[in-house]
Amino acid sequence: MFKRSFKIRKAAFTLIELLVVIAIIAILIGLLLPAVQKVREAAAKMKCQNNLKQLVLAIHGLNDNRGMLPPLSAPCADPVYSYCITPPTSRYGAHVYTMFHFLLPYIEQKTLFDKMSPSAEGGGNIGAVVTAYFCPSDNSNLRGLCLTPNGAAWSWANSSYAGNYYVFGNSAIPTPAGENLFPESISDGTANTIFFGEVFGTCGNSGAVNGPGTTCNLWADANGSWRPGFNLGMNRSVTTGYPPAKMFQVNPHFLNSCDSTRLQSNHTGGIMVGFGDGAARFINKTISSTTWATINDPRDGMVPGLDF
């Protein structure tokens, strides 16, 4: 007798079943992405907070060693010009540095500091990306470097943080090379005074990376429109007195609507700042302009509002 052979048919998805599976996967991905983005933002915010805390603690260590707060920056960055160099009789000596140079040994970057020279523009090593000066939420840079070719700035490293001119400058003269006594110069108390705030690495409002007015926040550059400071004057020069601080920006486009004369944040709903007592706090964008001005001015004698 002949035996019949049977072939077992393999089960397969029909086209409709395949489409249903793809649709379910797409829905799941759509539900998962916001959660992943929230986790990433929370991690980035925490990193920024830790960096700000580290910077303020470094200020305290530097002040303890030098007996004076560091200057926000020298008048400018090129030692070829004598007016760029700070007086050799100062506690911080003759230099063309910003305050971020002097903080290097206190954030485990002494090797980099030892390579810097006051006879070089910006101290030399201007393209060194320092992790503690970089916030992962700041997307206005290329691997930590400035994006604009203006002034050949794209060879300089960014800083995602800036120092408060009212704390580290001297608006009575006015000059960014303040070298103020601490804590005497902070009569309102360190817990009520912002020392550092967030900024975009590259900032402009023309829509173009090489547009007029597009600048960067460069940790090694003491030149006016590039220096890592806020509460300065027009083009980040200097201002007299302590006028009310400009409100910070939240989520501006770094090339379409960024104002380089104020702080900027890429976090949702507010900005991270570092206070003089070592606390790093998230300030909600709903804070009043009066309270914001009060916590920026170290000696106005005002008590912050209830929204602080």
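**Exercise 1. Strand pairing around S1**

How many bridges join S1 to S5, and do these strands run parallel or antiparallel? Identify also how S1 pairs with S2.

*Solution.* The model is predicted.
Step 1: S1 and S5 are joined by 2 bridges and run parallel.
Step 2: Within this pairing, Gly163 stands opposite Gly229 in S5.
Step 3: Turning to S2, 3 bridges connect S1 with S2, and the two strands run antiparallel. Here Ala162 has Gly197 of S2 as its bridge partner.

**Exercise 2. Aromatic pairs**

Classify the pairs Tyr133–Trp219 and Phe168–Phe195, and state which parts of the chain each one ties together.

*Solution.* 
Step 1: The count of aromatic pairs comes to 14, with ring centres within 6.5 Å as the criterion.
Step 2: For Tyr133 and Trp219, the centres are 5.7 Å apart and the planes make an angle of 55°. Planes under 30 degrees apart count as stacked and those over 60 as edge-to-face, so this pair is tilted.
Step 3: Tyr133 belongs to the loop between helix H3 (110–115) and S1, and Trp219 to the loop between strand S4 (215–216) and S5; the pair therefore ties together parts that are 86 residues apart in sequence. Both Tyr133 and Trp219 are buried.
Step 4: Phe168 and Phe195 are 5.5 Å apart centre to centre, with 85° between the planes, and form an edge-to-face pair. Because Phe168 lies in helix H4 and Phe195 in strand S2, this pair ties together parts 27 residues apart in sequence. Phe168 and Phe195 are both buried.

**Exercise 3. Charges over rings**

Which ring lies under Lys45, and which under the charged end of Arg281?

*Solution.* 
Step 1: Lys45 lies over the face of Phe282, at 4.0 Å from the ring centre.
Step 2: The charged end of Arg281 is placed over the ring of Phe308, 4.2 Å from its centre.

Key
Residues numbered from 1 in each chain as written. Predicted model: local features only at pLDDT ≥ 70, side-chain atom pairs only at ≥ 80, totals over all residues. Heavy atoms only, no water. Phe/Tyr/Trp six-rings, centres within 6.5 Å; stacked < 30°, edge-to-face > 60°. Helix = DSSP H or I, 4+ residues; strand = E, 2+ residues; numbered from the N terminus. Buried < 20%, exposed > 50% of the residue type's maximum accessible area, 1.4 Å probe, protein only. Lys NZ or Arg CZ within 6 Å of the ring centre and 35° of its normal. Pairing = 2+ DSSP bridges.
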